[in-house]
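Please keep the sequence and the coordinates at hand while reading.

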Amino acid sequence: MRMAMFSTKPYDRTFFTRAAGSDAQSTSPCEIEFFEARLTMATAPLAAGFDAVCVFVNDHLGVDVLEALHAGGTRIVALRCAGFNHVDLDAAGRLGIDVVRVPAYSPWAVAEHAVGLMLTLNRRIHRASARVRDGNFSLVGLLGFDFHGKTVGVVGTGAIGTVFTRIMMGFGCDVLTYDPYPNPECEALGATAVDLATLYAKSDVISLHCPLTPQTHHMIDAHVISQMKRGVMIVNTSRGALIDTVAVIEALKTEQVGALAIDVYEEEEHLFFQDLSDTVITDDVFSRLLTFPNVLITAHQAFFTREALEQIAATTLANIAALQRRDRDAAHLVAAQ
Ligand code: NAI
């Protein structure tokens, strides 16, 4: 089996090379060729002759790219991520391309990063550290609040939302959850399942842990924001387009939103996962976000722990091996297939 891996970074190469050489893979070896390029119509010809391609969150697999892959002989798309909103599953099914993913690799990695963002932004730790390095030991402007006793709303109580709930309960927060399929584990932890309107109205902090779907696209818009508590902190480690960024900028200006911590951004594919420090950023919406003292942005790194990368590589190769031996139940085929 030959696999072309797109959007490869040095850490992908390290973890996949290690996993491909491990004993578990020796019975069904996968020969990987690493490409730094994103998968686009322009780069799809690189995959010609490869049985499988492996892609990440910002490789778009629309019908045109899938048809190009199919024409080159590719029959497996292995997503080395959980979300599959960037793949045209109908087109893949029609073309007979199997799409597999890594449904869960480390919910702790993402949940812990969300908590890290909350703590950093609330206590201005990033600014405090820069000040101290500059010999400025003033506390003015660094005032935060106790999370203990605050109400935290968790939207989506799957793997990550549940770990996040557990951590927030440990902080002594009142946790409200919303999920169309409520998770009894969260209630057992002491959280209260409520409807979305209640969660928005009562929460001091709202953290998003649901997938991006047509129903959740821009779920945080101007109307919803107006229903929230004044000064609410919004945390998004899920997918950028859950938030209408222009609406949230307006709300930051009026202070209806008191703080915004994001690891994802709706136009991130043009920015994230590359060094643009010597480049003029032409995305004015993103640039405006950077001007707020109460906005904290990381570049889609919530998943980025050793444990998660080991799991991503192992599960991706196990998915490929399962398809090779026609054990479709063991491969994490994407649901719509
Ligand atoms: P999961 O599938 O275990 O849980 C998602 C939950 O969202 C499910 O319980 C589902 O019922 C619920 N849900 C679906 N529609 C909803 C709606 N309209 N409102 C509220 N809840 C809804 O997924 P997991 O592993 O917890 O991941 C959550 C999201 O985190 C992923 O969809 C992905 O977008 C994002 N993610 C981000 C990463 C990062 O590095 N920033 C890494 C991994 C995942």
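The second largest cavity holds about 50 Å³ of space, in a model that is predicted. Its lining is made up of Asn236, Gly240, Ile243, Thr245, Leu260, Ile262, Val264, Tyr265 and Leu289, and by class these residues divide into 6 nonpolar and 3 polar, with no charged residue among them.

The structure holds 2 cavities of 30 Å³ or more, and the largest cavity contains about 60 Å³ of space. Tyr11, Asp12, Phe15, Phe16, Phe56, Arg80, Phe303, Leu309 and Ile312 form the lining of this largest cavity, which by class comprises 7 nonpolar, no polar and 2 charged residues. Helix α1 (10-20) and helix α12 (306-324) each contribute at least two residues to that lining, and the largest share, 4 residues, is supplied by α1.

The lining of the largest pocket divides into 25 nonpolar, 13 polar and 4 charged residues. The volumes are set out together below.

| Space | Volume |
|---|---|
| Largest cavity | about 60 Å³ |
| Second largest cavity | about 50 Å³ |

Helices α4 and α6 each supply at least two residues of the lining of the largest pocket, and these helices also meet each other. How do the axes of α4 and α6 lie, and at what angle do they cross? The axes of α4 (residues 107-123) and α6 (residues 159-170) come within 8 Å and cross at roughly 50 degrees, and the two helices are therefore oblique to each other. The crossing in which α4 passes α6 is right-handed. On the α4 side, Pro107, Trp108, Val110, Ala111, Glu112, Ala114, Val115 and Met118 take part, and they meet Ala159, Ile160, Val163, Phe164, Ile167 and Met168 of α6. By class, this contact of α4 with α6 has 13 nonpolar residues, no polar residues and 1 charged residue.

A further detail concerns Leu95, which is placed in helix α3 (residues 89-95). With neighbours within four places in sequence left aside, Leu95 is in contact with Leu66, Glu67 and His70. The C-alpha atom of Leu95 is separated by 16 Å from that of Gly49, a residue 46 positions away along the chain.

Definitions and conventions
Residues numbered from 1 in each chain as written. Predicted model: local features only at pLDDT ≥ 70, side-chain atom pairs only at ≥ 80, totals over all residues. Heavy atoms only, no water. Axes fitted to C-alpha atoms, helices over the stretch in contact; angles between N-to-C directions. Parallel < 35°, antiparallel > 145°, perpendicular 65-115°, else oblique. Left-handed = near helix turned anticlockwise from the far one by under 90°. Contact = heavy atoms within 4.5 Å. Nonpolar A, V, L, I, M, F, W, Y, C, P; charged D, E, K, R; others polar. 1 Å grid on protein atoms, 1.4 Å probe; cavity = no way out; pocket = protein on both sides within 12 Å on 5 of 7 lines; lining within 4 Å. Points joined across faces, edges and corners; volume = space filled by probe spheres on them.
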